[in-house]
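Hi everyone, thanks for making time this morning. Could you all bring up the model on your screens while I talk?

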Amino acid sequence: ALRRRDAFRVGVAHNDANDNNILVADDDGGGADDASPRPVVGLLDFGDVVETWVVNEIAISAAYFALGKDDPIAAVAEMVRGYVSVFPLTDVELAATPTLVRARLACSCVCGAYSAMEDPGNAAYLLLHAGPGWETLMKLTDAGDDALLRAVDAAARRDTRVPSSIRRDE
C-alpha cells in the first residue's frame, strides 16, 4: 500500500466505523425478526476522525464487518459492493483494500492487547475484537491474497459471481 500512496485520494474519515459505533433504526414494529437489516442512521465516537486515505474508511469498516463471519472474504466483498455503489474506488484503491483490511485487523488486535496491558481495568472493552480479529486475520491469510483481491474486485464491479473465498481442506 505504501508504494501506491501517492495514487490514493485523501479525505476526512471516521476511521472507526464498527458495530459499537453505528446507530441503526429502531424496529418499526412491523414484526420483522431481529436478523432483518436496519438502516444506519448515525455514527458515534469521533475520536479517531482524521484526514487520511479515503480507502481506509472501507477497509476499516470491512475489517470489523468480517469479524466472526464463517466467510470473512464474502463479508468484505459485501461491504465493498455497498460502499462502491455510493462512492466508487479507483483501481489502485481497490487493489490495496485487501492489504488495508488485514492491516486494520492486525492493528486492532495488537493495539488492543497493548492498551489492555496499560489499562487492565478497561481490558474487557479493549480486547473486545481481539479473539475474532485474530481468527478473521488467519482465515483471510489462509485463503490467500488472490482470493480476497478477486472477491473485492468482483464486488466493486457488481459481479454477482463473487468467488468462493475460504479454502476447504476437508
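I'll go from the overall layout to the core, then to one helix, and end with some aromatic rings.

Please keep in mind that this is a predicted model. The protein chain has six helices and four strands, and if you read along the sequence the pattern is β-β-β-β-α-α-α-α-α-α. Of its 170 residues, 38% count as buried. As for the contacts with a separation of 6 or more, 72% are accounted for by residues 24 or more positions apart.

In soluble globular proteins, nonpolar side chains tend to be buried together. Here, the largest nonpolar core holds 32 residues, and the members that touch the most others are Ile73, Val76, Val80, Val101 and Leu105. At least two core residues come from each of helix H1 (55–66), helix H2 (72–86), helix H3 (91–118), helix H5 (130–143) and helix H6 (145–156). Which helix gives the largest share? That is H1, with eight residues.

Let's stop at Leu105 for a moment. Leaving out neighbours within four places in sequence, Leu105 is in contact with Ala63, Leu67, Gly133, Thr136, Leu137 and Leu140.

Several of those names come back when we turn to H5, where the buried residues are Ala130, Gly133, Thr136, Leu137, Leu140 and Ala143. Why do these residues line one face of the helix? Looking down the axis of H5, you see the buried residues fall within an arc of 155°, so one face is what they line. Covering the buried residues of H5 are, among others, H1, H2, H3 and H6. As for its length, H5 has 14 residues and spans 20 Å from first C-alpha to last, close to the 20 Å expected at 1.5 Å a residue. Just after H5 comes Gly144, with a positive phi of about 95°.

On to the rings. The count comes to two aromatic pairs. One of them is Phe8 with Trp53, an edge-to-face pair at 4.7 Å centre to centre, with 65° between the planes. This pair links distant parts of the chain: Phe8 lies in the segment before strand E1 (10–13), Trp53 lies in strand E4 (residues 50–53), and they are 45 residues apart. Both Phe8 and Trp53 are buried. Then there is Tyr83 with Phe87, whose ring centres are 5.9 Å apart and whose planes meet at 70°, so this pair is edge-to-face too. Phe87 has 33% relative accessibility, so it counts as partly exposed.

While we are on rings, have a look at Phe65: the charged end of Lys69 sits over its ring, 4.1 Å from the centre.

My last stop is Val54, in the loop between E4 and H1. Is Val54 buried or exposed? Its relative accessible area is 13%, so Val54 is buried. Val54 and Phe8 are 46 residues apart in sequence, yet their C-alpha atoms are 7.2 Å apart in space. Setting aside residues up to four places away in sequence, Val54 touches Arg9, Val10, Gly11, Tyr83 and Phe87. So Val54 brings us back to Tyr83 and Phe87, both of which it touches, and whose rings make that edge-to-face pair.

That's my tour, and I'm happy to take questions.

Methods. Residues numbered from 1 in each chain as written. Predicted model: local features only at pLDDT ≥ 70, side-chain atom pairs only at ≥ 80, totals over all residues. Heavy atoms only, no water. Core = buried A, V, L, I, M, F, W, Y, C linked by side-chain atoms within 4.5 Å. Buried < 20%, exposed > 50% of the residue type's maximum accessible area, 1.4 Å probe, protein only. Contact = heavy atoms within 4.5 Å. Expected span 1.5 Å × (residues − 1). Arc of directions from axis to C-beta. Phe/Tyr/Trp six-rings, centres within 6.5 Å; stacked < 30°, edge-to-face > 60°. Lys NZ or Arg CZ within 6 Å of the ring centre and 35° of its normal.
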